[in-house]
Amino acid sequence: MRAGDTLPPLEIPVTRTLVVAGAVASRDYQDVHHDAEAARAKGSPDVFMNILTTNGLVGRYVTDHFGPQAVLRKVAIRLGAPNYPGDTMVLTGTVAEVTDGPDGTATALVRIAGANGLGHHVTGTVTVEVPR
């Protein structure tokens with residue numbers, strides 16, 4: 001692992017089931033995440049993914065790449081364009097910096113972006129610690 005390394009892209013189909021299940025699993029009962037009629041009444045064309053689901057998918061993307069011993073130390077994301085059912089989010093990442101720890105681990109700062117048909121859904125950074 002070195003600064004400049006890129007993570008392979010991950011395509012995530014945004015299904016209605018993913019949007020609703022992610023909201024329910026994270027106990028986010030806002031109607032815009034599970035009730036299309038209520039979402040439309042509030043100006044959205046459909047239900048849309050909540051930030052906790054996005055956060056979980058970003059974490060999964062990083063730990064899938066770095067392996068089961070990877071420990072997420074910090075996740076800092078910002079949402080942009082909504083993820084609506086029927087679209088696909090493509091996550092990409094680049095290792096921005098790597099610091100060796102005294103205990104045989106390395107800590108990497110990974111810049112993350114997730115795009116869909118409307119633009120950038122998520123941007124941010126993930127700090128991950130991995131054994132060397």
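**Note on the chain and its salt bridges**

1. Among contacts in the chain between residues at least 6 apart in sequence, 66% join residues at least 24 apart. The model under review is a predicted one, and the values below should be read accordingly. The chain has 132 residues, of which 40% are buried. Its C-alpha trace spans about 55 × 25 × 20 Å along the principal axes. The chain exposes about 7,100 Å², and carbon and sulfur atoms supply 53% of that area.

2. The secondary structure consists of three helices and five strands. Read from the N terminus, the elements follow the order β-α-α-α-β-β-β-β.

3. Strand β3 (residues 88-100) pairs with strand β4 (residues 105-116) in the antiparallel sense over 10 bridges. Strands β4 and β5 pair, also antiparallel, over 12 bridges, and a hairpin of two residues joins β4 to β5. Strands β2 and β5 are antiparallel as well and share eight bridges.

4. V95 has V110 in β4 as its bridge partner, and V110 in turn has V126 in β5 as its bridge partner. Elsewhere, R78 stands opposite T123 in β5.

5. A nonpolar surface patch of about 250 Å² deserves mention; I51, L52 and L79 make it. L79 belongs to strand β2 (residues 71-79). L79 counts as partly exposed because its relative accessibility is 35%, a value between the 20% and 50% limits that set buried apart from exposed.

6. How many salt bridges does a search of the whole structure find? The search finds five. Three of them are described in the points that follow.

7. The side chains of K42 and D31 meet in a salt bridge, at 2.8 Å from N to O. This pair links distant parts of the chain: K42 is in the loop between α2 and α3, whereas D31 is in the loop between α1 (16-25) and α2, 11 residues apart. K42 counts as exposed, since its relative accessible area is 55%, whereas D31, at 24%, is partly exposed. When residues up to four places away in sequence are not counted, K42 touches D31 and V32. By contrast, K42 and S26, which are 16 residues apart in sequence, lie 22 Å apart in space, C-alpha to C-alpha.

8. A salt bridge also joins the side chains of R60 and D64, with an N to O distance of 3.3 Å. Why are these two residues separated by about one helical turn? The reason is that R60 and D64 are four residues apart in helix α3. R60 is partly exposed at 38% relative accessibility, and D64 is exposed at 52%.

9. R73 and E129 form a salt bridge in which the closest N and O atoms are 3.1 Å apart. R73 lies in strand β2 and E129 in strand β5, so the pair ties together parts that are 56 residues apart in sequence. These two strands also pair with each other in the sheet, over eight bridges. R73 counts as exposed, at 52% relative accessibility.

10. The K42 and D31 pair spans two loops, the R60 and D64 pair lies in helix α3, and the R73 and E129 pair joins strand β2 to strand β5.

Technical notes
Residues numbered from 1 in each chain as written. Predicted model: local features only at pLDDT ≥ 70, side-chain atom pairs only at ≥ 80, totals over all residues. Heavy atoms only, no water. Patch = residues over 30% accessible without salt bridge, like charges linked within 9 Å, V, L, I, M, F, W, Y side chains within 5 Å. Areas by Shrake-Rupley, 256 points an atom, 1.4 Å probe, with all protein chains shown as cover. Salt bridge = Lys/Arg side-chain N within 4 Å of Asp/Glu carboxyl O. Buried < 20%, exposed > 50% of the residue type's maximum accessible area, 1.4 Å probe, protein only. Pairing = 2+ DSSP bridges. Contact = heavy atoms within 4.5 Å.
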